[in-house]
Amino acid sequence: MTAMLEVQSLEKIYCKSRFDRTPTFRLTANLAIEKPSVVGMMGPNGSGKTTLFELVTGSNAPTSGEVRVMGRNIHRVRTDQRDRLAIHYHQSYQVRHFRSWTPNALLEPAGSDYPMVHLFDEPQFNTQDGYIGFMLDFFRRLRSEGRLVFLCVHPNERFHLEILQEICEQFIFVQKGAVTPIPDFDALMAFEPARAYLGGLLTDRAA
C-alpha cells in the first residue's frame, strides 16, 4: 500500500554562511502516514515546524532524504503542479514561490488534480469570530474525502487543547529540529517534552 505521505531520512541543515558551513540548525525527520487522517503538530517557536511543511510541499529543498506524497517524490514534480499534491496554508497568507534549478519540462507531472495533503500553519482558533465550528467541519470534510490534514497549533488557551483532542487522531511534536510522531492524544500528554512545552495549560486542565 502506498503511503499518503512518506518522509524518509529527511534532513535540512542551515549553516552560518556560504563560506562558513558550521551548522546553525538541523531538522531530521522520518515518518509515514498511510490513511486519510487529521494530524496535530506542535512545538516551540523556531523548532522547525514550518520548515517541515515547506519540505513536504516542495517549496524548500532538503539537504538529504526525500518526501513522497502519494508515492511521488515531491521535489521531482513540476513546480507548477506541486500544490496539486500538497498545499501549505500559512498564517501570513504569503504566496510562497517555488525554486528549482531543473526546468519543469524535465520534471514529473503531479498525477493529481486536487491537493491530497493539506497543511494548515497556525489556523486562528478564537471564540469571538465564530469560525471554530466551520473550520472543524472543513477539516472533517477533507478527511472524509480521502485527504490528509495537518494542523500546526501553538496552544495558548485550554480550549485549544480540547480542540486538538477532538479533531486530531495522531500528533507530531517538533523540538530543536527533532520530529517525533505520537500515536494519540493520551500519548502526547504523557510525552515529557510536550508536557514541558504546554506547561501551565496542563495545570489548567487538571484544575
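Biologist: Which elements have the lowest and the highest mean pLDDT?
Modeller: This is a predicted model, and among the elements of the chain helix α6 (residues 200–206) has the lowest mean pLDDT, 73. Strand β9 (residues 170–175) has the highest, at 98.

Biologist: And what's the mean pLDDT of the chain?
Modeller: The mean is 91, and 93% of the residues reach 70 or more. Still, where pLDDT is low, the predicted coordinates should not be read in detail.

Biologist: OK, on to the inside. Which residues touch the most other members in the largest nonpolar core?
Modeller: Leu5 and Phe150 do, in a core of 31 residues.

Biologist: Which elements supply at least two residues each?
Modeller: Those are β1 (5–15), β2 (23–33), β3, α1 (49–57), β4 (64–69), β7, β8 and β9. Strand β2 gives the most to this core, with five residues.

Biologist: What does Leu5 touch, not counting residues up to four places away in sequence?
Modeller: Leu5 touches Leu31, Ala32 and Ile33, then Val56, then Val67, Arg68 and Val69, and finally Leu148 and Phe150.

Biologist: What about the second core, which residues does it include?
Modeller: That separate core has 27 residues, including Ile132, Leu142, Val153 and Leu188.

Biologist: Let's look at α2. How many residues does it have, and how far does it reach?
Modeller: Helix α2 (residues 132–144) has 13 residues and reaches 18 Å from its first C-alpha to its last, close to the 18 Å expected at 1.5 Å a residue.

Biologist: Which residues are buried in α2?
Modeller: Ile132, Met135, Leu136, Phe139 and Leu142 are buried there. They cover an arc of only 120° around the axis, so they sit on the same side of α2.

Biologist: Why would residues three or four places apart point the same way?
Modeller: Because an α-helix has 3.6 residues a turn.

Biologist: Nice. What does the buried side of α2 pack against?
Modeller: The buried residues of α2 pack against β3 (38–42), β7, β8 (148–152) and α3.

Biologist: And which exposed residues are on the face turned away from that side?
Modeller: That face of α2 carries Phe134, Asp137 and Ser144 as exposed residues. Just after α2 comes Gly146, with a positive phi of about 90°.

Biologist: You mentioned α3. Which of its residues are buried?
Modeller: In α3 the buried residues are His160, Leu161, Ile163, Leu164 and Ile167. Down the helix axis they fall within an arc of 155°, so they line one face of α3.

Biologist: I clicked on Gln165. Where is it?
Modeller: Gln165 is in helix α3 (residues 158–167). Its relative accessible area is 39%, so Gln165 counts as partly exposed. The C-alpha atom of Gln165 is 12 Å from that of Pro155, which is 10 residues apart from it along the chain.

Biologist: Switching to aromatics. How many aromatic pairs are there?
Modeller: The count comes to 10 aromatic pairs. One of them is Tyr89 with Phe120, which is stacked: 4.4 Å centre to centre, with 5° between the planes.

Biologist: Where do Tyr89 and Phe120 lie?
Modeller: Tyr89 is in strand β6 (residues 86–90) and Phe120 in strand β7 (residues 117–121), so the pair ties together parts that are 31 residues apart in sequence.

Biologist: Are those two buried or partly exposed?
Modeller: Phe120 is buried, at a relative accessible area of 10%, whereas Tyr89 is partly exposed, at 30%. Ring pairs also link Tyr89 and Phe120 with Phe138 and Phe139 into a cluster.

Biologist: Last thing, backbone angles. What is phi of Ser9 and of Met70?
Modeller: Phi of Ser9 is near 45°, a positive value in a residue other than glycine, and Ser9 is in strand β1. Phi of Met70 is near 50°, also positive in a residue other than glycine.

Biologist: Where does Met70 lie?
Modeller: Met70 is in the loop between β4 and β5 (72–73). Met70 counts as partly exposed, at 34% relative accessibility.

Conventions: Residues numbered from 1 in each chain as written. Predicted model: local features only at pLDDT ≥ 70, side-chain atom pairs only at ≥ 80, totals over all residues. Heavy atoms only, no water. Helix = DSSP H or I, 4+ residues; strand = E, 2+ residues; numbered from the N terminus. Buried < 20%, exposed > 50% of the residue type's maximum accessible area, 1.4 Å probe, protein only. Phe/Tyr/Trp six-rings, centres within 6.5 Å; stacked < 30°, edge-to-face > 60°. Expected span 1.5 Å × (residues − 1). Arc of directions from axis to C-beta. Contact = heavy atoms within 4.5 Å. pLDDT = per-residue confidence, 0-100. Core = buried A, V, L, I, M, F, W, Y, C linked by side-chain atoms within 4.5 Å.
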